[in-house]
Amino acid sequence: DCDALSRWTGAHTPSDHDGSSSSSSGNVNKGAESFTSFVSRIIQGLRQHAKGEQGRPEPRRVLILSTAPVSTTSTGEECTCQATGRIGLGIDSALATVATTDSSEATLDGNLDAIDNNDEWYAGLFAAIEVGQGSSSDDVDDAALQLSKHCRRIYRAQPNRRFVWGLTICGSSVRAYLFGCNFVLVSEAMDICTKAGRGEAIKLFVNLSFSEDHRLGFDPSIKHLHDLDCWEITVPGTAATDSADSTDSSGGNAGSYGSTGRTFYSSHISIEASHLFGRLTRCFLATDKKPTRDSRIRSKDCTVFIKDAWTEVGDGSGDNDVRDEVAHLRKITRTLERYPELAGTYPVLEAGGRIEFQSCIGNTCTEDTTRSILGDLFDNVRVGEKIRKLPFCAHKRIATSPIGMPLDRLQSIPELIIAVADAMRAHRAIAEHCNILHRDISAGNFLFWRMVDGTVKGMLIDFDHAIDCENLDAMPQNEHIGTLNFMSVNNLEGNSNRRTELDDWEALIYVLVWLGTFGLNGTPKHDSDAGEHRRIAGAKIKYWVGGTTLEDIAEFKRGDLDNSSSFKSILNQFDSSVDCIDVLAVLLIMMRDTLIDNAGCSEDGRGAHMKQPFNHGNCESSALKVTPSSLSPLSKFALSVECQETMNTPMVDPFKARADMAPTIAKELLAILKDGAEYCQKLLIKAGTESNEPNATN
């Protein structure tokens with residue numbers, strides 16, 4: 001449509017860039033569609049001319065404009081969202097298909113032709129386009145915000161998307177956006193009214209058409225097999241028990257990122273990457289047996305849990321990866337296989353490592369990191385007038401077994417206690433034998449699986465934030481890790497106290513209190529979960545998530561733990577109608593007393609509030625030994641001086657004072673939890689026996 005293109009590119013003159021716009025979003029849409037069609041036809045022509053000519057590059061794809069379908073109107077007629085700017089760039093499916101070794105069809109983009117609803121439209125979209133209502137700075141910001149929402153949908157709909165491109169069109173200005181795991185980059189405005197601006201836009205389209213798939217944000221190691229309706233996923237590395245994989249048992253990256261790998265198949269995505277920033281974690285339930293057209297993948301066929309995520313590495317080089325989950329799981333798997341009684345309580349590493357891509361240039365392999373994505377831009381991102389260095393993130397994928405279920409699938413409080421006890425047995429063994437600290441105890445990091453006899457076994461997962469205790473000094477003390485309501489006091493405050501396994505046991509107390517207060521389904525899954533947020537607002541522990549600052553939340557938690565009376569006051573809000581809730585309350589009281597008021601600790605190590613150091617010679621102790629009438633004026637003066645000196649003494653933090661006793665206290669806590677689990681097991685056996693007796697239901 002030459003007229004539409006002319007109207008768009010003629011909407012401004014070079015002297016008419018005052019922020020106003022005379023073109024409607026509808027005209028801009030039509031103009032952008034015409035421009036895209038023109039460039040696409042030229043690129044298609046380049047492809048035709050390249051065929052048969054040796055050495056001439058051939059475009060890998062042709063980008064075409066795609067308009068989202070919408071639900072039918074009240075009159076029953078289907079309409080599109082073009083008037084509201086719901087458009088994007090799709091990929092010509094004729095160029096998007098590659099052949100696998102067995103000639104089955106595998107594509108990088110999922111369902112390109114399936115656009116029955118918006119979710120499927122996003123699944124086939126290469127880049128979203130947001131058309132602004134004008135060309136002012138506010139219009140540009142609003143368009144960028146809307147574009148970011150579209151990108152979230154693309155991440156969720158495309159399990160093989162590593163980063164996402166997007167375009168905004170505000171008046172005659174086109175801007176390209178690149179959304180990554182921890183960054184959003186935006187180009188300078190390309191003014192379609194000028195020859196230079198049109199040239200830059202055309203260059204962008206041409207480069208996107210010729211680039212390798214991984215440069216567009218697709219992950220070649222995750223492919224959709226249309227005929228089998230599943231994803232083919234390659235996980236780097238080999239199993240931890242494979243002797244051919246020479247890895248330093250002390251941890252680190254040695255041998256983790258070799259060219260070997262294992263292939264799995266999945267049609268069950270348990271966690272989608274629905275957030276714009278963060279680790280972009282995706283999780284799959286998978287099997288290593290390739291399905292057939294007659295035998296598709298069923299849930300019960302899956303034996304492996306695959307986690308794909310971007311994790312931040314401590315330094316910019318990516319070498320000093322002290323939080324390498326792959327290395328931790330490799331060490332845990334190899335060490336704990338000597339303890340068969342712990343089988344099933346921790347994830348066994350089947351394969352894992354950093355993702356690598358093979359470049360067409362020089363046939364070399366490159367690790368998938370934020371640095372390799374951005375190249376020279378990584379160290380030269382401009383924010384205003386300043387150059388900002390981005391955090392270094394590496395793309396990792398791990399496969400573990402067995403597969404567990406979340407705690408909200410448990411059937412009772414006794415099962416909860418049994419599952420948690422199993423998981424904390426693994427936690428204690430990992431700390432003792434592997435010297436690894438988990439550091440992220442939360443309700444979501446406990447899973448369970450049900451054995452053949454119907455009993456449950458708990459499992460501790462997610463070692464993303466774990467660290468070898470030998471590397472604790474390498475971790476910044478002020479970082480805050482984990483789920484807010486379960487964070488320990490040290491974690492919330494970001495203080496200088498040495499982190500120990502007691503931080504994880506403290507977090508466990510918060511987890512059990514939370515579940516006892518709100519039930520196994522009590523954690524809101526989304527910010528919009530208004531009903532659950534109302535329940536939280538009426539509870540005493542609401543301040544665990546509702547404090548003004550992290551320090552405020554830490555102070556609330558200190559108060560809740562400081563003495564048995566304050567702790568029991570929050571347990572009184574447990575739902576008394578829940579069977580065996582009193583068992584959980586008693587268990588928590590014993591755990592709190594052991595952690596906070598441990599008899600083996602000095603007076604400085606008891607309680608939770610900061611306090612003056614205990615000293616038998618301080619003014620408080622001296623005042624107990626004498627009466628004011630027995631003191632001479634000089635002695636009274638000396639006592640006052642002593643009191644003032646004591647007041648000036650730095651406060652003692654009980655959490656710091658207890659750190660040296662961490663292993664001993666942890667063993668005592670585990671013993672309490674084991675006893676509770678054994679008691680609960682007897683309760684379940686008794687309940688099962690009674691339910692099987694004649695007339696038991698009468």
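**Confidence and backbone**

A: This is a predicted model. The mean pLDDT of the protein chain is 81, and 77% of its residues reach 70 or more.

Q: What is the pLDDT over residues 12-22?

A: Over residues 12-22 the pLDDT is below 50. In the model, this stretch has 16 contacts beyond near neighbours in sequence.

Q: Turning to the backbone, is the peptide bond from Ser401 to Pro402 cis or trans?

A: The bond from Ser401 to Pro402 is cis, and its omega is near 0°. Pro402 is placed in the loop between β20 (393-401) and β21 (405-406).

Q: What is the phi of Asn435?

A: Asn435 is not a glycine, yet its phi is positive, at about 60°. Asn435 sits in the loop between α9 (413-434) and β22 (436-437).

Q: How exposed is Asn435?

A: Asn435 has a relative accessibility of 28%, so it counts as partly exposed.

Q: Where does Arg439 lie?

A: Arg439 lies in the loop between β22 and β23 (446-450). Arg439 has a positive phi, near 75°, and is a residue other than glycine.

Q: Is Arg439 buried or exposed?

A: Arg439 is buried, because its relative accessible area is 13%, and buried means under 20%.

Definitions and conventions: Residues numbered from 1 in each chain as written. Predicted model: local features only at pLDDT ≥ 70, side-chain atom pairs only at ≥ 80, totals over all residues. Heavy atoms only, no water. pLDDT = per-residue confidence, 0-100. Contact = heavy atoms within 4.5 Å. Helix = DSSP H or I, 4+ residues; strand = E, 2+ residues; numbered from the N terminus. Buried < 20%, exposed > 50% of the residue type's maximum accessible area, 1.4 Å probe, protein only.
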